[in-house]
Amino acid sequence: MLYLGHYHSPQYHGFTTEFRWPHCQCLFWTRFPCWLVQRPRAQEEYLSGFGNEFATEDPRCPGALPEGQNNPQVCPYGLYAEQLSGSAFTCPRTTNKRSWLYRIRPSVCHKPFAAMQHEALMDKWDDVAPDPNQLRWLPFTIPKAADGKVDFVMGLHTVCGAGDTRARSGIAIHVYTCNYSMTDKWVLIPQQGKILVTTEFGKMMVEPNEICVVQQGMRFGVDVFGETRGYVLEVYGVHFELPDLGPIGANGLANPRDFLVPVAWYEDRSVPGGYAVINKYQGKLFSSQQNFSPFNVVAWHGNYTPYKYNLDNFMVVNCVAFDHADPSIFTVLTAKSARPGVAVADFVIFPPRWGVADHTFRPPYYHRNCMSEFMGLIKGHYEAKEEGFLPGGATLHSIMTPHGPDVDCFEKNSTAVLKPERVAEGTMAFMFESSFSMAVTQWALQKCQRLDKSYYTCWEGLQTHFNPNWKPKSK
């Protein structure tokens, strides 16, 4: 989820959501040493690693973690032991994800769920006719605070997707536009302004150019600091992993040590009227009430956690001789399918880097792809289309739909003097790439009124340069 903006909230609003989005699970093949944090902390603190076995307790309750077992007859401080499973019990150890939470009251204490209406959050893909065109959206409109409060959940709008939430196979891409704080769950990628993400596991302050992943079943809250906008990738049924590095070797791309996991923090309090817990189940929203804070976990241990990552830490690999390497070299996280090398979804970025290739058209090449490509822009100007593709907007190039540099980009880079240069300085674009063929919602095509119907014209000026009398230069 890409958060863009600011928010004004002096305190938590007494609201939490539990959206069932199996997309944002972390998997890594190695187990690192267990970390135990027992020190005072004034602000958010973190543990380092991807898929590690972590252990942490709030320093206000030293010794809250049971010693030598997960589920003692009586837990320290009179806490309840609760396991959160992110994988089947019988998964191999390399893919088994679970954490033990030690909390003041268990999460089972809530009133029955009741259905919530949300017209713009979709999981049915047959309501609109297929559209294979190149699609581009201008920056999605953020509701003004003066026009009324719009929280995160009510500001969610589905742009496109495919698959089946019940079969847990498929993806959905959403945007959100809001101006008011509340609590919820997902993958977060701030564009402007910072957000405070409070989870059952602890707090994460997510700055612009960072992403935040909150995994399936984890309750969390988001404080924003003004008018806010962002993108969400929802993947049904599989976990995110770090991509295999192959011949790159042991180091590179997103390094495990740069992923940060929150340390334990709890609140023991109630609010008038109780807390609303919103659950996204089989594509629909349901709400229940409870009279205590869902953020009441005093200590926890395990490897199924939320985490954040600073995109500036990505170790870029690029061509240093000739030709344009495929964008897969910029993959941060991948959700694999059952077919080797084919992703349900990849999260790819296009960060600042050096361009040094000789005898090469350096921008992205013209392309028809067996994968769907949804792009967003966090900041700056994307090199292949410096006009029209704006921060807070998006593009979708569907399976086998042609796309590539616009006229200005092609003409300038076909005649440019090739020398080492910085590419995408001050820019961060990203791509959700998927093997699913995505349907676009009615909201995205019409109701949002942000679809750029002139997008196709950026290629209309491409001229033929064919010369049948061309001869190769003599060597």
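Is histidine 403 buried or exposed? Histidine 403 counts as buried, at 9% relative accessibility (buried means under 20% relative accessible area, exposed over 50%, partly exposed in between, with a 1.4 Å probe and protein chains only). Keep in mind that this is a predicted model, where local features need pLDDT of at least 70, side-chain atom pairs count only at pLDDT 80 or more, and totals for chains, interfaces and linings use all residues. Residues are numbered from 1 along each chain as its sequence is written, and side-chain values use heavy atoms, with hydrogens and water left out.

**The chain as a whole**

- You'll find two helices and 32 strands here (DSSP runs numbered from the N terminus: helices are H or I with at least four residues, strands are E with at least two).
- Of the 475 residues in the chain, 57% are buried.
- Take the contacts between residues at least 6 apart in sequence: 78% of them join residues at least 24 apart (contact means heavy atoms within 4.5 Å).

**The largest cavity**

- Searching the whole structure turns up three cavities of 30 Å³ or more (on a 1 Å grid over the protein atoms alone, a cavity is a set of points where a 1.4 Å probe fits but cannot get out, and lining residues have an atom within 4 Å of a point).
- The largest cavity holds about 260 Å³ of space (grid points are joined across faces, edges and corners, and a volume is the space filled by probe spheres set on the points).
- Its lining is made of 21 residues, and Pro364, Glu373, Met375, Tyr382 and His403 lie nearest the centre.
- The elements giving two or more residues to that lining are β28 (372-379) and β29 (394-397).
- Sorted by class, the lining has 11 nonpolar, six polar and four charged residues (Ala, Val, Leu, Ile, Met, Phe, Trp, Tyr, Cys and Pro count as nonpolar, Asp, Glu, Lys and Arg as charged, and the others, Gly among them, as polar).

**The listed binding site**

- UniProt, in an unreviewed entry, lists Glu373 and His403 under "binding site" (positions follow the numbering used here, feature names are shortened, and annotations may be inferred rather than shown by experiment).
- The two span 31 residues in sequence, but no two of their C-alpha atoms are more than 10.0 Å apart, so they gather at one spot.
- Both Glu373 and His403 belong to the lining of the largest cavity.
- Glutamate 373 sits in strand β28 and is buried, with a relative accessible area of 7%.
- The side chain of glutamate 373 makes a polar contact of 2.7 Å with the side chain of asparagine 369 (a pair of N or O atoms within 3.5 Å; within protein, one must be able to donate a hydrogen and the other to accept it, and residues adjacent in sequence count only if both atoms are side-chain atoms).
- Histidine 403 is in the loop between β29 and α1 (407-414).
- Not counting residues up to four places away in sequence, histidine 403 touches Tyr365, Tyr366, His367, Asn369, Glu373, His397 and Trp459.

- Aspartate 406 caps the N-terminal end of α1, with a side-chain oxygen 3.4 Å from the backbone nitrogen of aspartate 408.
- Val407, Cys409 and Asn413 are the buried residues of α1.

**Another buried glutamate**

- Glutamate 200 lies in the loop between β14 (195-199) and β15 (202-206), and counts as buried at 3% relative accessibility.
- Its side chain joins that of arginine 103 through a polar contact of 2.8 Å.
- A polar atom of the glutamate 200 side chain also lies 2.9 Å from the backbone nitrogen of arginine 219.

Conventions:
On a 1 Å grid over the protein atoms alone, a cavity is a set of points where a 1.4 Å probe fits but cannot get out, and a pocket is an open set with protein on both sides within 12 Å along at least five of seven lines; lining residues have an atom within 4 Å of a point.
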